Amino acid sequence: MPSHELVILSFDEELSYSQIFGKEKTYRQRWCNWYGNHSSEPLKFFVPGNGNVKDFESTRDRWHTYDYEGLKETCELVKAAEKRGRKVRAVGSGHALTAISQCEDYIVCTHDLNLTQRRPVQFIKKEFVDGFEVTVNFRNEKATEKHFLFETGGGTKVHHLITALEKDGLALMNKGGSSIQAISGAIATSTHGSGIGIGPLPSMVRSVTIVGKGGQPFRIEPHDGITDADLFNAGPEVQTHGIQLIQDDDVFNSALVGIGSMGIVFSLILEVQESYRLYEERKLWDWETLKKEMLKGNLYEYVNAHRHFEVLINPYIDKNGPDDDDAERKCLVTSRDYSRSCKVPSNATKQRNYISSFVSGISISGRLSPWVFNRNSKAIPRLTNNSLTRLIDHAEKGGGFEGDSYRVLDQGLGELKFYGYAIEIGFEMDRVFEAVDLIFKVCEEAQFYEHHLAAPFSLRFVKQCPAYLSMMNKADMCMIELVSVKGVTGTISLLMRLERELLGIGGVPHWGLSLLPWTGETVQKAFPDFKRWKKNQALYAGETFTNSFVKNILD
C-alpha cells in the first residue's frame, strides 16, 4: 500500500473504554459524551435499577421479571430532585454530539435499567400476546409478516437487546449503524437505519413507561394501545406503584422522541420480528449516471426496490487521477434484502470487513491518524475514491455479504468509541438532489482553501414516523449524513458551513448530530408539531427535565 494511504488503527485499552458508573459513588463524578465536547460534573450521580451492564447475561434468570424495585428507586430520586429544586437528565452511552444530555444538577445513568428482557403477557390484549400480522412493503411488493412484542429496560444497550432477542428467536426490524447506544437514547433522538419501508427506531415502540413530573410513573400508548386497561388498572403492582396508563395519540407522539425531556424512560415494549438473515451488495456507480436512473421514474419505487437502500457519495471529483474514469464523481450503492428472497452466491462472505467501518462514512472507529489527511489534503478526493472501490462487493465481484440481520446492519466496531464525528440533515424526497448539489458546491468552494471532508457522505431513506420530534415526522425522508475524521484541519468549520446552508433550504437537523446552536425558531421550523410537544412536556415532565440545551428551544 502506498505510504500516503496508510491509516493506522490501534485497538488499545483507551479505544475499548466505556464509561461504567457504580452505584456506590454518588458524588464527584464526571460524565462526558463520546466525542468529549460536552461534559458534566453533577452535584449527584444516580445509577438506579437491578440489572447488570458489566455482566448482562448474569441476570438472565430474572429477565422474565419486571424491575419494580428499580422503578420505585427511579421515582424516589425524581421526587428528591424536585423537592430540592434540582434538574434531572438521564444518560445512556453519550452518543449525541449536541449538549442534549448535559446537566450540572442530577445525572441518572440508566445502564442498569436493563433487567427486564421478555415477551410481555401480563396486561397485554389477547390479540397481541402470541404475535400479530402486519402489512409491509419491501421491493415494491406488499406482504404480510408476523410480528411480536418484546419488553426491555430503558437503559439496555442495543447489543444487549440483540442478545436477549436472539435467545428468543427474535430480531429488531431495523437498527442504526452501531449497537453500543442505549435503546432509549437511540429512540429519544429518532435514530434510524435505511429502508424507505421501515421507520426509525421510535416507530417500533408500542408502549413506553416513563417516570415524569412528581416522580409519577406513566405507561403511555396510542389510543388503540396493546394494553388491556381494565386488567392493567386492577394489577396489584400497578396499584402499589401508582402507574398511570395513558392511551392517547397526542401524548404518545410526544413521548416517543422525548430528547430526554419527557421524563426518564424506564421500560419499553417494542414491535419486533422473527430472526432473519440479510444479503448485502455494494456496487460502484458514477453519481450522475445513478442520479439519472433514480429520476427516470418514481423515486420512491426506485429506492424501495430493496428492503434497504443507501448511497455513499464522494464529495469531490478526482481531477488528477490516472484514468479518465477518475474524472467522474464516484458513489457506492448498498442494498440489502431478505436472504430468503435472493439468490445468494456460494462465495458470499459471512464476516464484515471492519475496515469498511471507517471508509463507509457511516461509523468511524479506531484510532485514526489524522496526519494522513492533513499531510496531503489534496489527495483526499483520490483516497475517498480508492476507499469506495475497495468496498465493492456483490454477486459478480466478491460475492456480497450474507448473515444474521444484526451483523449485516451493524457498521461499527463493537464497543470501540468513534474517532470521527458527523452532522445529519433530513430532506423530503423531492428536495434530495437539490441538497446534494448544494453539498457539492460548498465542498468545492472550501476545497480552494484546502478544507476537505475526509470521508464520503451518505443518503439513507427512511419511512415517515408520527413522533412529533422525529426528523421523519413530516414525510418519508432522505437523511444525509456528512462525516469526517477527528483532527483533520478545517473539517469542523466546513461541517458547520454545510449545516447552515442545508438548514437554509429547509433541512431538518438531527437531535444528536449537529454542530450549530439550536433555538426555538430552528425547532419550530423543522418540527411543525413542536407546540404540541411543548404542551405535553410541561404537563407530564416539566422544568425538572430541562437543561440549557432544552431551555434554548423552549424559550
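Hi everyone, let's start at the largest pocket: β7 (132-138), β8 (141-153), β10 (205-211), α7 (249-256) and β13 (264-274) each give at least two residues to its lining. Helices (H or I, at least four residues) and strands (E, at least two) are DSSP runs, numbered from the N terminus. β7 brings the largest share, 6 residues.

Before going on: this is a predicted model, where local features need pLDDT of at least 70 and side-chain atom pairs pLDDT 80 or more, while totals for chains, interfaces and linings use all residues. Residues are numbered from 1 along each chain as its sequence is written, and side-chain values use heavy atoms, leaving out hydrogens and water.

The pocket's volume is about 580 Å³. Of its 29 lining residues, Met 173, Gly 199, Ser 203, Glu 271 and Lys 463 are the closest to the centre. On a 1 Å grid over the protein atoms alone, a pocket is an open set of points with protein on both sides within 12 Å along at least five of seven lines; in a cavity, a 1.4 Å probe fits but cannot get out, and lining residues have an atom within 4 Å of a point. Points are joined across faces, edges and corners, and volume is the space filled by probe spheres set on them.

There are 7 cavities of 30 Å³ or more.

Contact (heavy atoms within 4.5 Å) involves Asp 250, Val 251 and Ser 254 of α7, and Arg 532, Trp 533, Lys 535, Asn 536 and Tyr 540 of α17. Thanks!
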